[in-house]
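Welcome! Take a moment to turn the model around before reading on. The notes below walk through it topic by topic.

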Amino acid sequence: MKRWFRYAKPYLPYFILGPLCMLTEVAGEAIMPRLLGILINRANEGLLTTGLSLGIMAAMIAIALVMMAGGVGGAYFASKASVNYAADLRADVYSRVQTFSFENIDKFSTGSLVTRLTNDVTQIQNLINMMMRMALRAPGMMIAALIMAIILKPGLSVVFAVSIPVMLIAVGFIIMKGFPLFSKVQTKLDRLNSTVQENVTNVRVVKSFVREDHENGKFRTANRDLRNTSMSASKVMIFMSPVMTLIMNATVVVVVLIGSRMVLNRDGGMLPGDLTTFIAYVTQILMSLVMVTFMLTFSSRALASARRIKEVLDEPVVLNDDEAARKDLPVAAGEIEFKNVSFRYYKNSEDKVLDGIDLKIPGGSTVGIIGSTGCGKTTLVSMIPRLYDCDEGEVLVDGVNVRDYSLVNLRDGIGMVLQKNTLFSGTIAENLRWGDETADDETVRRMAEYAQADKFVSSFKDGYDTMLEQGGTNVSGGQKQRLCIARALLKQPKILILDDSTSAVDTATEAMIRRAFREELQGSTKIIIAQRISSVMDSDMIIVMNDGKITGIGTHDQLLADNVEYREIYESQTGGAN
Amino acid sequence: MPRNIDQLRKQYNSSASEQRRHGPGGPRGGGPGMRGATGKPKDTKKTLSRLLGYVKGYTGRIIAVLLCMMLSTVTSLIGGYMLAPVINKLSETVAPDLAGNLSLLERAVGDKVSVLSRLVLGDDSVLPFISAAMMILAAVYIVGVATTYVQSRLMLTVTTGIVEKIRNDLFEKLQKLPVRYFDGHPTGEIMSRFTNDIDNIETMLSNSLTSLISGAVTLIGTLVFMITTSWILTLIVVAFFPVFAIGGAKIAGMSRKYYVSQQAALGAVNGYMEETVTGQKVIKVFNHEDECVEEFGLLNNDMRDKQFKAQFWGGVVGPIMGNTSQITLAVTIGVGGILMLGGLLGAGGLTVFSNYARQFSMPINQISQQMATVFAALAGAERVFEVMDTDPEAKDPDGAVDFGDMKGDVRLDDVTFGYVPGKTVLKHISLYAKPGQKIAFVGSTGAGKTTVTNLLNRFYDIDEGKITIDGVDIRDIKRDELRRNIAMVLQDTHLFTGTVMENIRYGRLDATDDEVIEAAKTASAHSFIMRLSDGYNTMLEGDGANLSQGQRQLLNIARAAISKAPILVLDEATSSVDTRTERHIEHGMDRLMKNRTTFVIAHRLSTVRNSNAIMVLEAGEIIERGSHEELLAMKGRYYELYTGKKELD
């Protein structure tokens, strides 16, 4: 609760003024029927004058204007409060995600993170907006009407002792019966929509296997299922709404029967006008209960959203540099050492992704890593910029444990081109400057040249000012990879890691990129993960990995001579015969 | 350096639907964009009559609904009126000399109640009279509640039934649309037909229809009751009518204007979030978190300001309209008091009149609100029908051949094709594959490799030339038969929500569990499947997000392996499988390709080496063809590619 309150705190005036404004409506609604009652009573008593009529009219208009001002003010404050609250919450969740480690990101899928940031925050925003305008109003209206009714005729108010509890039971029934059904409907609807989405993205599969009828059948079943669930949910509401109306109506009938007896007996000075007023209050009380039901239905949905947001905010970020001992230390030589490093993706899983890795990479050397899919190559290099922390052992850079660097310094010193890479909306130059935002045009161009990207970029009409669409979908795979390399090069990193990042670049171009590395990045340590032997052949040192372990280290010739696995890979790529 | 708000707005605003259009891979057809979920319907009449078509099956029920609705609206009007005779009678008794003039209707109703009272209770003095009035009221209420219930239940069946049918029809139509359609329409756009548009239709059916009709009936009924009670007061109420209409329209216009700009800002925020959350790992590697937070803050604040305006204007409608009707009420009461003094109105009359006056703005608001919903729904329906009206894949011609099993003799004869008229992608392609042969396509991205295979199973129809299988023009073969005979492993690996078993079985629905396992073994997928938490029963969700790209490719191969199609197309089927594993599955692949005519597209030339013939494609033309050795000897383009002298993209 405290967490949610924190976002309201800066906007407390809005949060207080909003409901207060709404109270003017409550007060107005409580007084209005009384004024009409007075008019009718005075008429019955023969005391009504034109002046009184006009006076009551003026009073009512004045009240209506106050109510209108209150309502507009309420709308103003409620909107202010809810949009500000939501904006702060959204910004907070977003910055929270920015602090996430890779492990945290893997845990929530990106899709679910996006939904939480968008839909779920909006749900809460809507809830606040509604609560601000109705939370006090509905109960306020009920209490005010009840008080007015009791003041007016306490004897007659006894009726409420019966009808309000009955109504409350009905509301409770809706909550108990209806809510679970409504959330079930939502789940089924989501599922139906994802069926469609899947079908549309898989259209070629569906068509090539001629599975249209199969898909239709699947959809029909899901659709019927949705219809049945939503019908049973609606049936609860359809049943309850007449029941509630009936309770209200019964109350009115009873009030009229008892009330008119009281009028006739002059019981407590009851006049016909009082009966009119009283009935108006009956309606108000029961209306407010209907409002409450609506509010509860609505909040049940928002609560689910709040839970999902809470999960993000509460997610412990295990990887940080709070305990770093040498925060001011930058990466200098680029020497890397793994000491008995082990790692599991899931702490309870038996298989280790990395198992007792011992490895020393001298600064400035070029290292190739090769091995089959899933053998742990990517995981190994991810330990260096602390994308993940190892479970056992330690990783040292320049002889210092990576955990003792500040994350900023460590990652600034390491340029990494990820396997699954992303470019962002913006121009090519803007994207490349991610590596170094102060770089001048000449540097940007030179780095692109090293990455063999300058030629094709220059061939674009707008050159480096060409706009990239989201994810860089308007450049080809190979071009994208080269841009990503150029972006990493602009960092002038002490350690450069390429994770299978030239797979879509042909061998000749790749060789040119490697040559540029050799000549221009002499002082930097270069680690290259690759599928093709040709990409790593001329490295100072090649690491062969299998099943989380290093099974061979050496130069190309050494490995070819004494490593079966390496030879096997080599032969698979060159055709064995030659 | 963080960008400023104007740059951000520009870059992320329109991108939401635009960027999805250029999804990875696949040809890009034109197709006019259908953006935005709102907007006005173009041909209301036609759309409406088409929607009515869906109602047809429910005519009986709809009539019953209408009757119930009228009845329940009338009962609620009468219910409101029944207080008049009670208050009048009481006033008469309490202050007989002051009783005002009763309207004709009040007198008539009072008389009726007296008659009933005498009949049932044998007396029409005050208490029996009121009891009788309450008996009538109770009866009216019960009828009202009962009709409301029946009406809602009937309407529920009708609404859900119609919506179910529209959904089914739309989905079935989607299955019939050509691949071309999906090229030109991003998934998000098609999805919004299913979500937004059908939602709007559903809202209209379940709320608007009944609300509109009951609103209209209430409005007319109220007017009638008001006029009979006091025409002077009615005039006052009616005088306020333009205030409601004009004021309502003004405010609605404001809120609509800001709503549009809010949606645009929301689109930018969502686009930015989606991009940066998806690219989160890159952001970490580049220490770019702070810039992102800053840029996001700008977009977020921009949206906040716009949301405020939209919400505020949406929020003032209620209080302004509601209290204007309170003012109407005040004036009627004031004037009513004066009328009572003049003996022109009774206390009962004023009571019920004030109730009606208070409610009078309700049906008006209701109707104007519902009109907005109706327009949104009609616009939605129009878009749904637009999809339904799109030309499906051409029907099989009369006398189309119903091939049993094909042998797999494939010939392309001088085939020319373009996705867009005037832009040829393939030029004069001729080739043949004898049953059981393996033909490979090699060439750079965009050379037309995938296109060739997409023509075989008629994802697209060729413009010129002829493709025959076993000597029959593929346009003369039933399309389903044709596709059943060609198993494809596509470049983009796609899986379905369901178990691993179900996903493989997709290739042949009647395959036994053993056959599925056999196919998985052929594709070398068995061992990793066994390592999954539930083996073959492991649920795959979100397109198999829990599998690696290489594993997904193996499942795709297994899915093709289980089908018994004599023709096999492998489009970059093993691009994400490492070479060593690829080598392991070679045996399986050989078994898979045995006795099948196979077309292979591969980036990695080691994969295509042992083909019977290799076609080197460039800019839509076959520039070299022959076996691996022949091509190498030629020292042409293939030689360049193979020895790595040229780029492959």
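**A briefing on the two chains**

In chain B, strand E1 (residues 410-417) and strand E4 (residues 464-469) run antiparallel and are joined by five bridges. Please keep in mind that this is a predicted model.

- Four strands of chain B make an open sheet with antiparallel pairing, and their order is E2-E1-E4-E5.
- Which strands stand at the edges of this sheet? They are strand E2 (426-433) and strand E5 (472-473) of chain B, and because each has a single partner strand, one side of each is left without a neighbour in the sheet.
- You can follow individual residues across the sheet: B:Arg411 is opposite B:Thr468 in E4(B), and B:Asp413 has B:Lys466 in E4(B) as its bridge partner.
- Two bridges link E4(B) and E5(B), again in the antiparallel sense.
- B:Ile469 has a bridge partner in E5(B), namely B:Val472.
- E4(B) and E5(B) form a hairpin with two residues between them. In its turn, B:Asp470 has a positive phi of about 50°.

**Chain B as a whole**

- Chain B contains 22 helices and twelve strands.
- Of the 649 residues in chain B, 47% are buried.
- Among the contacts in chain B with a separation of 6 or more, 79% are between residues 24 or more positions apart.

- Look for B:Leu8 in helix H1 (residues 5-13) of chain B.
- Is B:Leu8 buried or exposed? B:Leu8 is buried, because 22 other C-beta atoms lie within 10 Å and the cut-off for a buried residue is 20 or more.
- Setting aside neighbours within four places in sequence, B:Leu8 contacts B:Arg3, B:Ala268, B:Glu295, B:Leu298 and B:Leu299.
- From C-alpha to C-alpha, B:Leu8 and B:Leu154 are 51 Å apart in space, and they are 146 residues apart in sequence.

**Where the chains touch**

- How many residues does each chain bring to the contact? Chain A brings 129 residues and chain B brings 127 residues.
- On the side of chain B that touches chain A, helix H12 (residues 289-341) of chain B gives the most, with 29 residues.
- That side of chain B is made of 60 nonpolar, 46 polar and 21 charged residues.

**Nonpolar cores**

- In soluble globular proteins, nonpolar side chains tend to be buried together.
- The largest nonpolar core here has 210 residues, and A:Ile384, A:Ala486 and A:Ile497 have the most contacts inside it.
- Helix H3 (residues 50-99) of chain A gives the most to this core, with 20 residues.
- A second, separate core has 111 residues, including A:Val203, B:Phe182, B:Ile439 and B:Leu641.
- What does A:Ile497 touch, not counting residues up to four places away in sequence? Its contacts are A:Val381, A:Ile384, A:Ile414, A:Met416, A:Val417 and A:Ile527.

**Domains of chain A**

- The domain assignment of chain A gives domain 1 (1-137 + 298-318), domain 2 (154-269), domain 3 (333-413 + 496-502 + 527-573) and domain 4 (416-492).
- Taken over C-alpha atoms, the centres of domain 2 and domain 4 of chain A are separated by 55 Å.

**Two positive phi values in chain A**

- A:Val210 is a residue other than glycine with a positive phi, near 50°.
- A:Val210 is placed in the loop between helix H8 (203-208) and helix H9 (212-264) of chain A.
- With 18 other C-beta atoms within 10 Å, A:Val210 is partly exposed.
- A:Asn340, also a residue other than glycine, has a positive phi near 45°.
- Where is A:Asn340 found? A:Asn340 belongs to strand E1 (residues 336-343) of chain A.
- A:Asn340 counts as exposed, because it has 12 C-beta neighbours inside 10 Å and the cut-off for an exposed residue is 12 or fewer.

Conventions:
Residues numbered from 1 in each chain as written. Chains lettered and ligands numbered in written order. Predicted model: local features only at pLDDT ≥ 70, side-chain atom pairs only at ≥ 80, totals over all residues. Contact = placed C-beta atoms within 7 Å. Nonpolar A, V, L, I, M, F, W, Y, C, P; charged D, E, K, R; others polar. Pairing = 2+ DSSP bridges. Domains from an automatic or database assignment. Core = buried A, V, L, I, M, F, W, Y, C linked by C-beta atoms within 7 Å.
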